[in-house]
Amino acid sequence: MSLMSVRDLSVVYASKGAERVYAVKDVSFDLQPGEFVGLVGESGSGKSTLGFALTRLSKPPAMIGGGSILFDGVDIAEMDPKAVRVQRQGGFAMVLQSGMNALNPVRSIRNHFFDIFEAHGHVAKRDREARAQELAGKVELPGSVLDRFPGELSGGMRQRVSIALALSLEPRLMVFDEPTTALDVLVQHAVMDTIRELQKSMGFTAVLISHDLGIVLEVTERVMVMHEGQIVEDASSADILNAPQHEYTRMLLSHYGDPRAEVVEVPGLASRGSLRASVVEPVEPVEPVETIELAPTPAPTHAPARTREGRAAHQAIVVSGVSKLYPRPSRADQPVLAVDDVSFTLEPGASMALVGASGSGKSTIAKMITGIEHPTSGTITFGDLQIDKVKRRGLKSLHREVQMVFQDPYAALNPLHTVEYTLTRPVVNYSGLRGRDARRRVLELLETVGLTPVEQFAARLPHQLSGGQRQRVVIARALASDPQVIIADEPVSMLDVSLRAGLLALLEGLRETWGVSMLYITHDLLSARLVTDQIMVLNKGAVVESGNTASVLQNPQHDYTVRLLDAIPNPGRRTPGGSA
Amino acid sequence: MRFVLNKVGLLALTLWAAITLNFLLPRLMPGSPADAALAKLAQNGPVSPATKAAVEAQLGVPTGSMWEQYLSYLGSVARFDFGVSYTFFPQSVAGLVTAALPWTIILVGLVTIIAFIFGTLLGVLAAWKRGTWLDTLPTVGGTFASAFPYFWTALLLVFFLGYVGGWFPTSGAFSRSATPEFSLAFVGDALYHAILPATTILITSLGGWILGMRSTMINTLGEDYVTFAEANGLRPRTVALRYAARNAILPNLTSFGLALGAVVGGSLLVERVFAYPGVGYLLYTAVTNQDYPLMQALFLIITISVLLANFIVDILYGILDPRTRR
Amino acid sequence: MTSTNTSTALANRGVPAEIDGPANPLRVVWRAIATIWSVPKARIGVVLLGAFIALAVFAPLIAPYSATDNSFGRSEDMSAAHWLGTTAAGQDVLSQIIWGARVSVFVGFAAGIFATLIAVLVGLSWGYIRTVAGDVINFVVNLFLVIPALPLMIVIAAYLQNGGIGMIILVVVITGWASGARVLRSQTQSLRSRDFVTAAVFSGESPGRVVFREILPNMTSLIVTNFFAAATAAILAEAGLEFLGLGDTTIVSWGTMLFWAQNSNALLTGQWIVLFAPGLCISLLATSLSLINFGVDGLSNPRLREGASR
């Protein structure tokens, strides 16, 4: 008998004055005892909504709109909340995405455990301390963690505590909702290992909800692919990987690759050895981007550095011996050395990757190159310009040449300004064009980034655009001053996997045709392989390895680079323990 | 510990600023408050040199540098010597203030704490039962009641429950026949007199606490730790109190400190209506008689009291929030 | 990815297909009012406030008598000639109430506007600068926050004897700007760290433009909230000061009506309406502003500026 049996389940969002929206539509599936199942989908696919419904945690405006959820033969979809509460012990548990905020900041970790024991009375009073210690051990945390408050723990530790708390219910079904998404790449990997081992040793049924098909294929036995509220494919992991049936699954899979391989290809981008190619022209603004037939014309490793009229050209950014020391946040802490003696040169027209986990100092380097922050020691020059000493006036002439593409498309555009206003400002400020000329230039820029019909997009406000469209506006804005250098800070990490390649192809294509050099900041080695020629690996503020992108990734010398490479989810590389 | 030391330092700095403000106020004002005060005092008979010095230190004299004036002012504050009131000649200002202060502190302090606790609980309930009558009633009632001017509520209560109904005394803090002492009879009499002023402050300040707690509580109810607590099957009461309300109360505690000044201000008006012998009524008397020395001393003592209350609230916050202990 | 992302994604599905160019400012204002109107509580507030403003503006037309005419019988009860009776000085209570609306509405709006103006200027510059000056302002603002406002007003008013409405507005503004400044400062700080503000710097915008075109418009609802809160406080403070006799007691306002009622022992003579009516008006006016505040949350919503109507 299956542990959970879902039939024709629908979840609707019904808020006052708005139309009822079906987030999950007529979904049916079964979960067998001890199974590890993945639930994959992109943002808005309804996967989290489904996860909340399975554990009876849907909150208004979301509500179950029909169908049944049989857990152990009993329908919990209609069950009285009091009865559901009792069911949770020995029943179903949930680990939320943001382990950061899942713990009560004013309660010690011990009390979190004791609250659960008290609520269900399943652990005798005198055994509680021992049981809490034991659970902490299971998620590889020391017993002393019980004395701490959530604010004193790192993100990874907090997520481990969340898992231990969910385990304390002794559940038969565990739902993990993006359990590692908010964590650092290396920590992600470690936490995922723990989850996998726990599932194997304790034998509970697990559902792993994730946007990342790579992670899911690595650890689960069976995968359900969700798209627009429906499960479009439900098959064993091996079948999904080797013989995907649904077009959507195939599209998702096409975006994965191993940056270590000799040939790496995703739709729109390819890298063979040290030769790269990108398909620029036919980028449709419609999402998701269609798979484009690749015509591998090898691109020159350096884009031709173009001379801009009336402006000095062929200038390199020279970073030499730069360090950045942040004052200690409070008296108890040590000062933070965010960047430690970093030197490099970004040649005109070059494309260079700066990779590292969060806290490696890569964003601080971006801030220093763009003059937003000044280094503690060392110099950064751009032609005659001393970036490390630039004052407010110099900042404008610096930004004419050095522009930035931001990480979060939802934060990078002022919600109250139309696309046209946002793009007109740099055009007016840097090119001196006014009125109709400025407008024509804005429309040209929109055309360049593939937002057509341009007039329509010009009039839109950010909330009327999708994430991918917003990021195109952000790229257009960066190009508005016709800069020589673009700093792209994780430009696609907030986007759905299927959109990433399209945007990177656009960025890389524009870089080549416009003759711009790019510093591509990322933690994602696959994309680094696809769009850059040189690479620098950063750990704790210091460069541990640098060189030609393809050769560094294929023959990593430093241990840290190897660890980063190992942390990449790769559907093709299933760990032996993954399919028990 | 560092947290407490920081707060003590800040308190000292704020106290100094308040004392200095008190020094500057009469000197920034047009005319010469000191001369006016001395002239009025002189009507009661010859002014002793000590009294004259104290009044001048407080209100400023045209002679002497600002710095000398400031030093002698600080000296008189340290000695708690604010000169002599001419309204209540020949009583010293310090003596008058000391006599009035306990009445206000007990009345306002107790009622405010009761109102805060009661309002907070109602706010928790309103947010937890959002959309039901348990939410609507306190929310709408609170909005309306917090728009009542303190003195108006007081006047209505005096009129209807005092004069018309005749159930409660309409003025004073105790019966004229009673003498202040620690006897059961006197305490009972004082409580009886305190009912109407207390009710006034309660009615008018309650709404603010309800609304404030309700909105922060609604915010915390949307937090992940509340969802996670529910996912772990904690009892609804535990989720509401130990998880949601326990966090929601923290920002409210800060606004409690800040709103204290407003409640104290309002209670001054209440004391005026009830002729309650606290600092508010005394301040009113001082102001109507232009008794500047008394007025300045009262303003200083009221400010210092509010600063100290705020300090206590800050420390309490530190105890309740483990994040400040790091 | 998160549940919030899911809901944004859901909201994004409703991208309108047609867009008819940028909205004009008039339409934005109209839609702002419509936004407030769409919240039932705020709607009651708008109606109430509208009634009081009409009362104040058209007082000469509405009031049956002059407010200062004391030729009537003293302390009369309610009658056809005097709907709310007369005061102890022989004035018509209803006429006084109607004329009195002028003072409260005027003081509320004037003090509210000035206090908000200072709060916006201090809050924005304080939130935008990151120097030692910030710490000094921090201390000054905190000082103004903890010093009890009404006693300070009383003391200043006592020195400035009978300064009238101008004096009252001044003391209300002096004591009332700090809380707004603090709220707006923290909002400025959070907005200035947003990417779109950094992006504006990259677009070559001057600091002034960054503050006034990028940051300020995103704080509209906070500023409006602050205005209504400041106006409410001003109306209550004005009434309180006048009740203590610290304003100009010869003008006709709700506060002075209560002052005279208390001083002429209206309590003893049973003239409850003289006590009841002005206080009720003060409460209702203050309530109307608080109610409107329930509806201003939507004002910073970009949907207000959409070209297409919904």
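**Surface patch and open sheet in a predicted model**

In this predicted model, helix α7 (residues 150–164) of chain B supplies the largest share of the nonpolar patch, three residues.

Trainee: Which residues make the nonpolar surface patch, and what is its area?

Mentor: Chain B contributes Phe160(B), Tyr163(B) and Val164(B). Met78(C), Leu268(C) and Trp272(C) complete the patch, whose area is about 580 Å².

Trainee: Is Val164(B) buried or exposed?

Mentor: Val164(B) has its place in helix α7 of chain B. The cut-off for the exposed class is over 50% relative accessible area. Because its relative accessible area is 54%, Val164(B) is exposed.

Trainee: Which strands of the open sheet in chain A stand at the edges?

Mentor: Six strands form this sheet with mixed pairing, in the order β6-β7-β8-β3-β9-β10 (chain A). Two of them each have a single partner strand, so one side of each lacks a neighbour in the sheet. From one strand to the next, the twist averages 15 degrees. The edge strands are β6 (92–95) and β10 (230–236) of chain A.

Definitions and conventions: Residues numbered from 1 in each chain as written. Chains lettered and ligands numbered in written order. Predicted model: local features only at pLDDT ≥ 70, side-chain atom pairs only at ≥ 80, totals over all residues. Heavy atoms only, no water. Pairing = 2+ DSSP bridges. Helix = DSSP H or I, 4+ residues; strand = E, 2+ residues; numbered from the N terminus. Axes fitted to C-alpha atoms, helices over the stretch in contact; angles between N-to-C directions. Patch = residues over 30% accessible without salt bridge, like charges linked within 9 Å, V, L, I, M, F, W, Y side chains within 5 Å. Areas by Shrake-Rupley, 256 points an atom, 1.4 Å probe, with all protein chains shown as cover. Salt bridge = Lys/Arg side-chain N within 4 Å of Asp/Glu carboxyl O. Buried < 20%, exposed > 50% of the residue type's maximum accessible area, 1.4 Å probe, protein only.
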